[in-house]
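Thanks for coming. I have one structure to walk through today, and here it is on the screen.

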Amino acid sequence: MSRCGLALAVTILLSGCVQSSDLGVDAECGDAGQADNPVLTLMAQAVPSATLIPCVRLVPASWRHGEVDVRRGEASFAFASASVDSPDAVPVRVVLSDGCDVTGATEVPTDEPGTRRWERLRQVAPTYVGDRFYVFDGGCARLSFTLSGTDRVQAVGEASLAIGFTPRGVLQAAVRERGEGRWELDPSPGQR
Amino acid sequence: MLAGRPSRPSVDGNLEQKGLRGTRFRPTGGAYGLQDVLVTVASRPVPASARTTPRRRPSGEPPPLPRNLAWSGKTWVGAALLLLLLYALHLTTGSSWGAAVTRADQAVVQLLADGRRPGLTSAARAVAWVAGSTEVQVLWVGALLAMSAARRWRHLLVAVGALVLVRVLVELVSLQVQRPRPYAVTALGPWEGFAMPSRPVAVLTAVLMCALYGLVPQGRLRQAGKALVGLLVGAVLLARCYLGQDNPSDGLVAVVIGVTVPLVAFRLLAPYEVFPVQYSRRRTAHLEITPARHDAVCRALRDQLGVIADDIEPFALAGSGGSTPLRIRAGGHPEGVLFGKLYAANHLRSDRWYKLGRALLYGGLEDEKAFNSVRRLVQYEDYALRLLRDAGLPVPAPYGIVEITPEREYLLVTQFVPDAVEVGEARIDVDLIDQGLAVVRRLWDAGLAHRDIKPANLLVQHGRLVLIDSAFSEVRPSPWRQAVDLANMMLVLALRTDPPLVYERARLVFTEDEIAEAFAATRGLTMPSQLRRLMRAQGRDLHAEFKRLLPRPVHPIAIQHWSARRAGLTLAVLAAVALLVASAPALLLGSSL
């Protein structure tokens with residue numbers, strides 16, 4: 001192939017590579033009380049009112065880290081399937097926003113301190129499709145499930161272990177520490 | 001073998017009367033007497049007053065016309081390297097300059113945030129709107145469409161490649177630095193992903209730079225455009241800092257990426273000297289003789305050939321599509337005039353496309369391979385010209401090759417043929433017909449083919465035929481290719497005479513079978529386009545007229561030859577076109593941004 005043709009092919013291939021809005025990093029929670037993951041800081045900036053920031057505590061065996069997308073007003077991360085049979089499947093997507101519409105959902109006892117939890121089941125078989133909402137001061141984390149396979153209901157339970165929350169205060173403290181006391185994550189009250 | 005060969009044309013022997021200096025050739029094979037009507041073009045050495053001793057360029061000295069990033073390009077590359085170095089230092093030594101930059105950023109952003117006013121905020125939003133995704137897409141598609149309309153395909157490809165590279169670099173740097181948005185201020189505009197480098201600013205800058213270098217001619221207009229781009233990008237950056245979307249350093253890094261990549265890409269891959277942006281009706285094959293190029297050619301001629309050139313000017317551009325023909329004046333008198341053909345990367349590309357097209361059209365018959373560098377292309381033409389001269393053909397004397405820019409631009413220098421007209425404009429008599437036929441006979445005997453016999457390549461100088469342009473000549477060509485040369489020569493000669501006369505004269509030099517083979521081999525695209533155009537203009541089917549003169553009907557020689565190479569090339573081209581069509585919307589609209 002001529003150099004010109006090769007350049008064209010590479011160009012087209014590369015142009016396809018940059019389509020995703022994926023940040024390319026993972027929203028891991030880190031050690032308790034530590035917040036050195038810049039993704040979480042960015043997520044906190046995306047939803048300034050949120051007092052809790054969802055993050056990945058651990059990744060279940062059949063899943064892997066998926067796409068992370070953070071923009072003003074909303075932040076999301078996902079798990080992807082680790083199965084070679086369904087590499088494009090997204091079993092769980094977590095979206096942080098300043099509020100959720102829980103119409104049609106049922107409130108259940110929460111497993112995360114400082115939150116209220118709702119469940120909305122849309123379908124159980126052959127694929128489990130449903131939403132879980134964790135509502136807290138200034139924000140909401142919606143977990144959207146799309147699970148297939150025989151152990152799908154078990155996977156819903158595993159999601160509770162996989163998802164954690166980092167308090168905004170921890171992130172604020174981390175920023176302050178990095179700036180030697182001169183930086184603040186959020187604007188001072190009253191600032192426009 | 002022909003029986004009863006007639007006597008030599010009457011004009012043979014009038015050379016001295018015409019005052020021509022040259023060498024008369026004897027028949028090489030003894031079979032065809034008309035070969036000795038050929039007279040080589042007398043070599044005229046450059047006058048002593050226009051000669052000097054060639055000078056070897058010492059190692060390290062720049063070539064006559066060096067590849068030029070210009071000071072601005074070097075400055076931007078330097079800025080990019082400096083940023084890279086600072087970041088590497090930060091990573092390896094853990095220096096605190098990163099924190100210092102953030103502190104400075106914070107101070108600026110905080111200052112701007114403290115000064116927020118409703119009117120200012122509206123104005124900042126309006127300015128920042130320019131860098132919005134949809135708005136930049138409109139700009140980008142507009143720029144690409146404008147480049148397409150101007151058929152500036154190279155610029156278009158470079159622009160697409162540069163923008164993709166900018167986008168990839170932005171993602172890589174963003175992933176590496178992982179910088180949050182400005183602290184302690186409320187963002188008043190949309191943002192996405194990490195802050196450094198600012199993606200909207202980088203893409204806007206790159207799109208504007210591509211538009212500038214792909215659409216705006218070099219000179220005052222481009223300089224003004226650069227100033228405008230600078231102002232616009234600066235205003236957008238300031239507005240985004242005011243709105244709390246970016247830190248100042250996020251924007252500055254984005255500007256460095258957005259400027260450096262397109263700038264370097266255009267200056268290296270579509271340099272103005274070779275691919276100028278202009279809107280005159282000049283043929284794209286012709287290089288502009290700018291003052292810089294003029295001086296470079298003069299310097300190269302003096303240093304490399306020892307020729308002191310007084311002036312260089314484009315010459316007979318209309319007849320040349322594959323190079324830039326030049327008339328070189330040296331020494332101030334007629335003997336000092338030389339002819340030059342300037343070749344650059346765009347001619348190499350044309351040669352490649354031409355040969356690819358022929359390989360697709362004809363298959364294995366041509367047995368052509370594209371040149372892989374301008375240097376090779378020029379070397380081959382010089383070599384072919386020397387072969388033709390050594391074979392006794394009436395061609396201009398070769399003077400050699402001059403390097404203007406290594407691997408990018410070369411000048412082939414030959415003797416100038418003064419007072420000559422194209423054969424299509426000259427009076428064609430029996431003598432000239434015999435000379436034309438003898439040229440082909442000599443080519444055949446020497447195992448050569450010219451492969452581009454057309455009126456523009458046959459000059460008549462004081463009644464003598466001169467064959468020019470050896471670019472397509474082939475050594476040991478296929479018999480088919482040699483036969484095509486004969487038919488094309490006979491068609492050219494018949495343009496201003498009659499096929500019966502040309503045919504009769506041809507029978508003195510070629511057998512009827514050879515002539516029949518020539519017309520069996522030649523049709524349609526195997527004839528140069530100029531020749532076909534002239535025949536169409538005359539409303540004559542000379543090819544059919546010649547075929548009627550043949551003693552028996554000829555069956556066309558199949559010129560469609562299929563080979564694995566041709567099949568592969570055809571499939572590859574079809575696949576490339578399909579891929580391009582399929583990816584065009586994404587390439588133009590979405591993915592690049």
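Pro398(B) has Thr414(B) in S5(B) as its bridge partner. Before going further: this is a predicted model, where local features need pLDDT of at least 70 and side-chain atom pairs count only at pLDDT 80 or more, while totals for chains, interfaces and linings use all residues. Residues are numbered from 1 along each chain as its sequence is written, and chains are lettered from A and ligands numbered from 1 in the order in which they are written.

Back to the bridge. Strand S5 of chain B covers residues 409-415, and its antiparallel pairing with S4(B) runs over six bridges. Strands here are DSSP runs of E with at least two residues, helices are runs of H or I with at least four, and both are numbered from the N terminus. Two strands pair if DSSP finds at least two bridges between them.

Which strands make up this sheet, and in what order? It is an open, antiparallel sheet of five strands in chain B, ordered S1-S2-S3-S5-S4. S1 (309-314) and S4 (398-405) of chain B each have a single partner strand, so one side of each is left without a neighbour in the sheet. From one strand to the next, the twist averages 25 degrees. For angles, axes are lines fitted to C-alpha atoms, for helices over the stretch in contact, and values run from 0 to 180 degrees between N-to-C directions.

Chain A has a sheet too. Seven strands of chain A form an open antiparallel sheet in the order S2-S3-S4-S8-S7-S6-S5. Its edge strands, S2 (63-71) and S5 (106-108) of chain A, pair on one side only. Neighbouring strands are turned by 20 degrees against each other on average, direction ignored. Within the sheet, S7 (128-136) and S8 (139-147) of chain A pair over nine bridges in the antiparallel sense, and Val135(A) stands opposite Cys140(A). Helix H3 (residues 152-162) of chain A packs on this sheet, touching S4, S7 and S8 of chain A, and its direction makes about 155 degrees with that of S8(A).

Now helices in chain B, which has 18 helices and 10 strands. Two packed helices are described by the angle between their axes and the distance between the axes. The axes of H3 (118-129) and H7 (220-242) of chain B come within 8 Å and cross at roughly 130 degrees. That makes H3(B) oblique to H7(B); angles under 35 degrees count as roughly parallel, over 145 as roughly antiparallel, 65 to 115 as roughly perpendicular, and the rest as oblique. Ala124(B), Val127(B) and Ala128(B) in H3(B) meet residues of H7(B), including Ala235(B) and Tyr242(B). A contact is a pair of C-beta atoms, placed from the backbone, within 7 Å.

Buried is 20 or more other C-beta atoms within 10 Å of a residue's own, exposed is 12 or fewer, and partly exposed is in between, with C-beta atoms placed from the backbone.

Last, is Asp498(B) buried or exposed? Asp498(B) is exposed, because 12 other C-beta atoms lie within 10 Å.

Methods: Two residues are in contact if their C-beta atoms, placed from the backbone, lie within 7 Å.
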